[in-house]
Amino acid sequence: MTKTIASQTSNKHYFLTIETDHAVDCTCPDHQYRHHECKHMRQFNAEVTRAAAFLALKARIAAAEREARVAHRIAFELMMGL
Ligand SMILES: [Zn+2]
């Protein structure tokens, strides 16, 4: 997958190549000449990491809510002598 990035310092656009959920290439001069992770790749990868952390947190909250519902039902059943 390719993501188009507008340059912040000129009216150029760069193309970020994404494999699975990680930026692996960028057409900006910083990455092309220095061959290190440029700010576009870093930014994208940080966003993916944040999104993954958010989803994991959401899943933990949902699991905690399910457990709380089960605990309430058990408490109710015990109270009612079921
Ligand atoms: Zn770049």
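Two residues are in contact if their C-beta atoms, placed from the backbone, lie within 7 Å.

**Figure 1. Overall fold of the predicted model.** This is a predicted model, in which local features need pLDDT of at least 70 and side-chain atom pairs count only at pLDDT 80 or more, while totals for chains, interfaces and linings use all residues. Residues are numbered from 1 along each chain as its sequence is written. Of the contacts in the protein with a separation of 6 or more, 19% are accounted for by residues 24 or more positions apart. Two helices and three strands are present (DSSP runs numbered from the N terminus: helices H or I, at least four residues; strands E, at least two), and along the sequence the pattern is β-β-β-α-α. The radius of gyration, taken over C-alpha atoms, is 23 Å, well over the 12 Å that the globule rule (2.2 Å times the number of residues to the power 0.38) gives for 82 residues, so the protein is more spread out than a compact globule. Its C-alpha atoms fill a box of roughly 75 × 20 × 20 Å along the principal axes.

**Figure 2. The three-stranded sheet.** The open sheet has the order β1-β2-β3 with antiparallel pairing; two strands pair if DSSP finds at least two bridges between them. β1 (2-6) and β3 (22-26) are at the edges with a single partner strand each, so one side of each has no neighbour in the sheet. From one strand to the next, the twist averages 35° (axes are lines fitted to C-alpha atoms, for helices over the stretch in contact; angles between N-to-C directions run from 0 to 180 degrees). Five bridges join β1 to β2 (residues 13-19), and threonine 4 has phenylalanine 15 of β2 as its bridge partner. Helix α2 (residues 39-80) packs on the sheet and touches β1, β2 and β3, its direction making about 165° with that of β3.

**Figure 3. The β2-β3 hairpin.** Four bridges join these antiparallel strands, and leucine 16 is paired by a bridge with cysteine 26 in β3. Two residues lie between the strands, and threonine 20 takes a positive phi near 55°.

**Figure 4. The largest nonpolar core.** Seven residues make up this core: Ile5, Leu16, Ala23, Cys26, Cys38, Met41 and Phe44. A nonpolar core is a set of buried Ala, Val, Leu, Ile, Met, Phe, Trp, Tyr and Cys residues joined through C-beta atoms within 7 Å. β3 and α2 each supply at least two of its residues.

**Figure 5. Isoleucine 61.** This residue lies in helix α2. Isoleucine 61 is exposed, with 10 other C-beta atoms within 10 Å (buried: 20 or more; exposed: 12 or fewer; partly exposed: in between; C-beta atoms placed from the backbone).
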